[in-house]
Amino acid sequence: MSSDPRTAAPADADHLTGTRRLAGDLVTGPVDRFAEPLTKVLGPRSAGALAKLGLETTGDLLGHYPRRYGDPGKLTDLGGLVLGEHVTIMARVVQATVRAMRSRGGAMLQAEVTDGVHRLSLTFFAKGTGALRTHESRLQPGRTGLFTGVVSAYRGARQLTHPDYLVIGVDADDEEAALIEARRPIPLYPASASIPSWRIQKAVRQVLDPLTEDEVPDPLPPAVREARGFGSRHAALKDVHEPFDTRQWQHGRDRLRYEEAFVLQAALAQRRARAEAEEATARPLRAPGEPSALADFDASLPFTLTAGQREIGEEISGELERSRPMQRLLQGEVGSGKTVVALRAMLQVVDAGGQAALLAPTEVLASQHARTLRTLLGPLAEEGMLGGADHGTRVALLTGSMGAAAKKGALLDAASGRAGIVVGTHALLSENVQFADLGLVVVDEQHRFGVEQRDALRAKARTSPHLLVMTATPIPRTVAMTVFGDLETSSLTEIPAGRAGITTHVVPADNEAWMDRTWQRVREEVDAGHRAYVVCARIHPDEPAAGSGAADAEGAPAKKKTRTDDFDEVPDFLDLDGPGTGSDRPPLRAVLEVAEELASVPALRGLAVGVLHGQMAPADKEKVMADFASGAVQVLVSTTVVEVGVDVPEATVMVVFDADRFGLSQLHQLRGRVGRGSAPGLCLLVSTVEPGTPAAVRVETMAETTDGFRLATVDLELRSEGDVLGAAQSGRASSLRLLRVVKDVAVIEQARADAAEVVGGDPELEQHPELRAAIASQLDPEREEFLERA
């Protein structure tokens, strides 16, 4: 690779694959040392072991950073070793002895290592003593080493059989080098049984040592490096992989962490710049005194808008008046009034002659949105009808299960412009759906939709429509800057006046007295004229449990959906605590099973119990929701299809079975279905958890607070960064290895500001080919989905 990046990476270079594109053709170019296969550099044996860790190129290997660093003077506590666990320990050799085995032939070496308090045996077997003498000469008493293997027991003593090991300071050219090596921090890498940490370290050195600074692509522009006091990427890799002291690896890690934040923020800055360059149709407010659906709606409201609703409404209104597309995320606590804010934006667009589309993830939610909007608008939603407002509009509903006549009417209303507001599921994305003048797209619960689905709706507009994304999942600020970094963010934190609070309690599932009291509380609420939800994670009792086939929330196998209209999600209880943790748990409770059981619960005798889940026909779902809202159904046993947006003010109590198997954000959404009226809400989390486990932390945190932002932060702390960014859902590893979006607030803010300045002066990064290449490599179309999804 040329030392001059301007000649090394032409305008459309793919810097990390060693190819370049000219006039649309793929042309072989200079081979990038970072793209070389490890089979070529290290040989097939070492490369094969590394490939099991997903490391296939030199760039992959050098980006496999140490998880932590060992101190040669600090030994591992051997007393905490767990039988069957694969471990890497640092210990001091006490003795090593070779002897012949009379009973079975051959020879064995028995060694003992210590942490100064506890001891651990090391055992090696061989046909003869020759090979074992080599081990004996290396494992001399007093030497310190790293030992890796599976902990087993023999005659009550713990041991490692045939452990792989590295003796600190022995493999050096001379005594002075050995002393230096023995004092250096020891990089400890994420490893596996097939390749221990120190073999990874050896492979890293074999790849890194021959590289020159010019051969290491550096996405950080020189001006940014200088301003932030960072050296080259080559130096940073040396610092983290081959440090001489703690300060050195910390400095290198800080530089590489900042680089991850900068590349991501540069990609987001490019997206913002491109959106800003698009043309949109301005949708100005009507002048005072002119007929206005928005003004009439404001005058008809039976309540006063909160300060937050007014302030955010003014922000949105100003952006709709521009000829550049609005790109805004509206997040807010459950029940904070996001729908009213969105409706006021839609009415401004309607007043200006345009249309608004509201995209919802499920038919239940789409139908409810349509009912809610019509109720809020009253005569303003009955344009052309008897009693309708003269300057009103119509609200059309379009879902995949509608009858032919109703669907034809909705399609005609959308295409003619008669319906100023069109609500639907992803049926709105069908080719036969046309709009007269689509001016605003409102997406409810963004994380339920993919890139193509949102863009397909936006493509139906003549100019780029304004975009408003709504989510009831509170997002910490650093995550909003990272995941939704191309959107401006508004947050509603006030709850409208008149809403009562929600109390949450954890109910031990195996405590009969507590369960009896749970159903007594449900009865008390129903007798007071209220309603109750009972939520289960699956439909049928014979479905696979979590982690054993991944039955989804609506009962179908996780990747074999039969319905195409509802986005009934796979619940986030699956494998939350790691692989295998669900195997020894009781089976998940199921809707049909629980509904049948409730009929025989003495406290609930005589109550009308209904069932709701995603496998039901749309008409049946509509009917049961209407019956629940009217009181004909008093207890609704449901899957998580009620999680988002379902609004029954009379619902005051919710019982969630297997609560420990759900994520905090989902529990928070579910809990938000109660206490939406003037009466206080009660949420009872039925759970069986071991104290101190992540599952216990989740349910205990839910009981402690109703602060959605606090819950979201805890949820993210319990999950990996890959989950945060959505990479886990695409089956790929997260491109963020060092950056922690919850903790690294200052780093993300700094990188965001620097990236905005760089992209502002060079939107297509023509003067920064290595940065452009890093974005293309790390954020390819599959990974870039997390920029559009929560």
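Residues 24 or more positions apart account for 72% of the protein's contacts with a separation of 6 or more, where contact means heavy atoms within 4.5 Å. This is a predicted model, so local features need pLDDT of at least 70 and side-chain atom pairs count only at pLDDT 80 or more, while totals for chains, interfaces and linings use all residues. Residues are numbered from 1 along each chain as its sequence is written, and side-chain values use heavy atoms, with hydrogens and water left out. Let's take a friendly walk through the structure.

**The overall picture**

- The protein has 26 helices and 24 strands; these are DSSP runs numbered from the N terminus, with helices (H or I) of at least four residues and strands (E) of at least two.
- Of the 790 residues in the protein, 52% are buried. Here buried means under 20% relative accessible area, exposed means over 50%, and partly exposed lies in between, using a 1.4 Å probe and protein chains only.

**Aromatic rings**

- You can look for 7 aromatic pairs in the structure. Rings of Phe, Tyr and Trp (its six-membered ring) pair if their centres lie within 6.5 Å, and planes under 30 degrees apart count as stacked, over 60 as edge-to-face and the rest as tilted.
- Why is the pair of tyrosine 258 and phenylalanine 262 called stacked? Their ring centres are 6.1 Å apart and their planes meet at 25°, so the pair is stacked.
- Tyrosine 258 and phenylalanine 262 are 4 residues apart in helix 10 (residues 246–277), a separation of about one helical turn. An α-helix has 3.6 residues a turn, so residues three or four places apart point the same way.
- Tyrosine 258 is buried at a relative accessible area of 1%, and phenylalanine 262 is buried at 0%.
- Tyrosine 533 and phenylalanine 628 form a tilted pair, with 4.9 Å from centre to centre and 55° between the planes. This pair links distant parts of the chain, 95 residues apart: tyrosine 533 is in strand 20 (residues 531–535) and phenylalanine 628 is in helix 20 (residues 618–630). Both tyrosine 533 and phenylalanine 628 are buried.
- Phe124, Phe147 and Tyr165 come together as one aromatic cluster.

**Charges over rings**

- Arginine 184 has its charged end over the ring of phenylalanine 244, 3.7 Å from the ring centre. A charge sits over a ring if NZ of Lys or CZ of Arg is within 6 Å of the ring centre and within 35 degrees of the ring normal.
- Arginine 589 likewise has its charged end over a ring, that of phenylalanine 657, at 5.2 Å from the centre.

**A closer look at helix 20**

- With 13 residues at 1.5 Å a residue, helix 20 should span 18 Å, and its end C-alpha atoms are 18 Å apart, which agrees. The expected span is 1.5 Å times one less than the number of residues.
- Which residues of helix 20 are buried? They are Pro618, Lys621, Val624, Met625 and Phe628.
- Seen down the helix axis, the buried residues of helix 20 fall within an arc of 130°, so they line one face. That arc is taken from the directions running from the helix axis to the C-beta atoms.
- On the face of helix 20 turned away from its buried side, you will find the exposed residues Ala619, Lys623 and Ser630.
- The buried residues of helix 20 pack against several elements, among them helix 14 (363–377), strand 20 and strand 23 (651–656).

**Helix 9, mostly covered**

- In helix 9 (residues 233–241), 7 of the 9 residues are buried, including Arg233, His234 and Leu237.
- The partners of the buried residues in helix 9 include helix 7 (197–208) and helix 10.

- Valine 167 belongs to strand 10 (residues 164–167) and is buried at 3% relative accessibility.
- Leucine 139 and valine 167 are 28 residues apart in sequence, and 7.6 Å apart in space from C-alpha to C-alpha. Neighbours within four places in sequence aside, valine 167 is in contact with Arg138, Leu139, Arg143, Thr144 and Gly145.
- Threonine 518, in helix 18 (residues 512–527), is also buried, at 3% relative accessibility. Setting aside neighbours within four places in sequence, threonine 518 is in contact with Val507, Val655 and Leu684.
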